[in-house]
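The paragraphs below go through a structure step by step. Keep the sequence and the 3D view at hand while reading.

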Amino acid sequence: MATVKLRGARKSYGDVEVIKGVDIDIDDGEFVVFVGPSGCGKSTLLRMIAGLEDITDGTLEIDGERMNDLEPSKRGIAMVFQSYAIFPHMTVRENVAFGLTINKVGKVEKAAKVAEAARILQMEHLLDRRPSELSGGQRQRVAIGRAIVRDPKVFLFDEPLSNLDAALRMDMRMEIGKLHQDLGASMIYVTHDQVEAMTLADKIVVLKDGMVMQAGAPMELYHEPANLFVAGFLGAPSMNFLQVKVDDIGDDWVQVSSTVLASVKVPSKGRGFTTGQTATLGIRPQYLMTGIEGEGMLQGKVVLTERLGSETVVNLAVADGSTLIAAIAEDAVLVSGNEMSWTFDPALAHAFPEPLE
Amino acid sequence: MASKLTTSNRAGWGFAIPGFGLIMLFIVIPFFFAFYLSLTNQRLISPNPTEFVGLSNYDRLLSISVLTLEPERDDAGAVIREDDGAIAYPRVRTLTRNNPDYPQYQGMREWFRWHWGENAKVVVAKDVVFWKSLRNTLMFVIVVAPVQAGIALGLALLVNQKLRGINVYRAIYFMPVVVSIVVVSLLFRFIYDGNDGLLNNVLSFLTFGLFEGRDWLGDPNTALGSIKAMSIWQGVGFHMVIWLSGLQTISPTLYEASSIEGASKWQTFRYVTWPGLRNTAVLILIVITMQAFALFAQVDIMTRGGPLDSTTTVVFQAIERGYGKQDISGASTISVILFLLVLTISLTQRYLTREK
């Protein structure tokens with residue numbers, strides 16, 4: 001159980017800076033997910049915490065102690081890799097006990113710890129098998145078992161579910177969630193899958209180009225994205241963006257419009273706008289609804305509908321050339337090619353001063 | 001099926017026959033021919049017709065015995081001693097030449113002897129030179145296989161690091177492999193030279209003149225060792241490359257996992273690297289063993305089996321007898337024995353290193 005603190009963490013390979021000054025605080029027992037697109041530096045950041053990569057600048061503290069120059073094994077961490085990294089020539093039991101064998105722990109204690117880990121992961125029946133006889137999910141379970149046995153202060157997961165198929169991924173996701181509840185240890189989890197991030201995290205850290213875009217509780221990030229990138233990254237289907245012009249500004253609102261959008265007042269959330277500037281309006285697909293003909297806020301032509309059962313996802317073409325997505329009730333049947341009126345609650349929309357790329 | 005293969009598939013056979021024929025002619029037929037010739041008295045050029053002689057070639061090569069010599073005693077029964085105090089024994093040839101009491105030793109000669117109390121045990125063989133060649137070959141294999149494999153692994157571990165210019169080192173270690181063994185042997189003859197060889201000069205320089213120099217290839221005690229050292233040096237780069245390819249198949253995350261667990265360098269090697277190299281190790285061991293058994297060129301060029309047969313080898317004997325003495329059947333017999341020996345050792349190695 002421990003806190004982790006990164007202050008001004010930087011990482012460069014030669015002239016190329018991949019982590020550009022990151023500050024992150026992780027509380028005791030917190031489940032933190034690093035999420036971001038490929039190449040955003042999330043895995044590098046995790047490996048810096050693990051000690052597999054040097055920290056070029058800044059400090060890493062675990063439980064208030066500076067860890068920058070300590071060996072990985074001295075940092076009180078355990079890591080689970082995407083490729084499992086279990087030893088092919090050892091049985092599951094030997095794999096799980098590997099750290100104990102290395103550190104010459106006594107037989108009795110070793111057996112007890114392995115048994116405990118196997119019980120937690122429900123893999124007692126697998127202990128005498130070899131990795132080649134295990135499925136992907138079972139292998140990852142072995143890797144997690146090896147981490148549990150170390151009794152670490154902080155668990156590190158590097159995309160642990162990426163090599164599993166969809167169904168298994170969901171099972172393992174729930175198991176990791178449960179493991180966190182049972183052990184109560186601090187965990188840092190890297191993924192590019194926002195569903196894993198949303199479901200598992202106490203706190204999500206969204207990274208882009210080696211910088212923290214926003215950190216906070218999943219629902220906070222979902223409902224109050226700090227910027228265009230976070231707004232577009234979290235949520236499925238992702239948020240719709242429309243290029244708009246700022247017409248008027250109030251205390252806590254901003255009025256925007258465009259050639260295809262009737263004038264709406266949306267919360268400004270303290271962001272600075274200037275009248276007449278180009279801005280971006282964001283509307284979650286779930287909040288976009290069909291409107292009464294002639295009274296909608298915008299007109300969109302139905303291009304494609306995907307009926308998923310729980311909802312229907314509609315692709316809309318708007319006159320200014322942009323595409324919108326609406327996720328509407330399951331029983332809606334829309335005819336492709338129909339021009340329709342659409343509406344949304346302006347209070348749930350987001351205005352960003354950055355122009356749309 | 002037969003008709004289909006022979007008639008309707010003419011083009012296929014047409015393409016296959018050149019390769020097939022060459023393999024038959026130069027590999028398969030000679031292989032079985034060796035077995036056949038070893039059972040005859042075939043000579044390279046001989047006016048007499050070839051006769052089938054059964055296993056007598058094998059008998060002549062492999063016959064070996066131990067005989068016990070009792071000390072010569074005077075009339076009082078006391079042991080007679082030589083001038084220098086050594087016990088005097090009857091001469092071996094009194095037993096092995098036309099001695100009707102010991103027909104089993106007929107025609108044998110002494111290989112070596114040791115003392116057992118007052119008695120002397122003498123190992124006698126019909127073909128002492130062959131037994132010497134067999135011993136030399138085995139000694140060569142026993143030393144070269146593990147040492148060469150071990151040094152090659154050490155080099156591979158060294159050049160498997162991510163350092164600037166590491167390819168230069170890889171190339172340097174590999175260079176002797178590219179040079180022909182004939183050229184290497186000629187060069188080492190100069191290096192090992194007893195009068196003004198490089199090795200003597202270097203050793204003398206390093207010991208400030210204390211080392212007096214020796215004729216490395218002219219001394220039965222050092223000749224085979226010198227050939228071993230040179231052979232290891234020449235072949236080590238090749239095996240280094242094979243080890244290196246094995247090392248590079250080991251996933252880097254396994255090393256990361258073991259470093260997180262706190263494994264020392266030795267533990268990482270013991271638990272991650274070595275198990276990951278198992279298949280490579282089996283391959284290298286078998287390849288080196290087979291190469292070492294085929295030792296010929298170095299001996300032919302550097303010592304021609306001498307001095308006192310101390311460097312003669314099985315393959316050298318086969319060629320020496322087959323072409324030097326025109327004794328084709330004897331050479332074939334040696335080849336067959338070598339084949340069976342190598343086969344046995346390779347199968348044993350495979351069995352010992354099998355996947356459990």
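Chain A has 357 residues, and 40% of them are buried; a residue is buried if 20 or more other C-beta atoms lie within 10 Å of its own, exposed if 12 or fewer, and partly exposed in between, with C-beta atoms placed from the backbone. The model is predicted: local features need pLDDT of at least 70 and side-chain atom pairs count only at pLDDT 80 or more, while totals for chains, interfaces and linings use all residues. Residues are numbered from 1 along each chain as its sequence is written, with chains lettered from A and ligands numbered from 1 in the order in which they are written.

Along the principal axes, the C-alpha atoms of chain A fill a box of roughly 80 × 45 × 35 Å. The secondary structure of chain A comes to nine helices and 20 strands; helices (H or I, at least four residues) and strands (E, at least two) are DSSP runs, numbered from the N terminus. Among the contacts in chain A with a separation of 6 or more, 66% are between residues 24 or more positions apart. Two residues are in contact if their C-beta atoms, placed from the backbone, lie within 7 Å.

The sheets of chain A come next. Strands of a sheet pair through backbone hydrogen bonds, either parallel or antiparallel. Here, two strands pair if DSSP finds at least two bridges between them. One open sheet of chain A has four strands in the order β2-β1-β4-β5, with antiparallel pairing. Its edge strands are β2 (16-26) and β5 (65-66) of chain A, each of which pairs on one side only. Strand β1 (residues 4-13) of chain A runs antiparallel to β2(A), and eight bridges join the two. One pair to look for is Arg10(A) with its bridge partner Lys20(A) in β2(A).

Further along chain A, strand β11 (residues 240-249) is joined by four bridges to strand β12 (residues 253-257), and the two run antiparallel. A hairpin leads from β11(A) to β12(A) through three residues. Ile249(A) has Val254(A) in β12(A) as its bridge partner. Strand β12(A) also pairs with strand β13 (residues 264-267) of chain A, again in the antiparallel sense and over four bridges. These two strands, β12(A) and β13(A), form a hairpin with six residues between them.

Another open sheet of chain A has five strands in the order β15-β19-β16-β17-β18, and the pairing is antiparallel. Which strands stand at the edges? They are β15 (289-290) and β18 (323-328) of chain A; each has a single partner strand, so one side of each is left without a neighbour in the sheet. Strand β19 (residues 339-343) of chain A runs antiparallel to strand β16 (residues 298-307) of chain A, with four bridges between them, and Glu339(A) in β19(A) is the bridge partner of Lys301(A). Two bridges join β15(A) to β19(A), which run antiparallel; here the bridge partner of Thr290(A) is Trp342(A) in β19(A).

Chain A also touches chain B. The contact takes 16 residues from chain A and 14 residues from chain B. On the side of chain A, the elements that give two or more residues are β6 (77-80) and α3 (98-102). The residues of this side divide into 11 nonpolar, five polar and no charged. Ala, Val, Leu, Ile, Met, Phe, Trp, Tyr, Cys and Pro count as nonpolar, Asp, Glu, Lys and Arg as charged, and the others, Gly among them, as polar.

In chain B, the domain assignment gives domain 1 (2-37), domain 2 (64-125) and domain 3 (129-352); such bounds come from an automatic or database domain assignment. Taken over C-alpha atoms, the centres of domain 1 and domain 3 of chain B are separated by 36 Å.

Two helices of chain B complete the tour. In the contact between α10(B) and α11(B), Leu254(B), Tyr255(B) and Ser258(B) in α10(B) meet Thr268(B), Tyr271(B) and Val272(B) in α11(B). By class, this contact has four nonpolar, two polar and no charged residues. Helix α11 of chain B also holds Pro275(B). Is Pro275(B) buried or partly exposed? Pro275(B) counts as partly exposed because it has 16 C-beta neighbours inside 10 Å. From Pro275(B) to Ile64(B), the separation is 211 residues in sequence and 43 Å in space, C-alpha to C-alpha.
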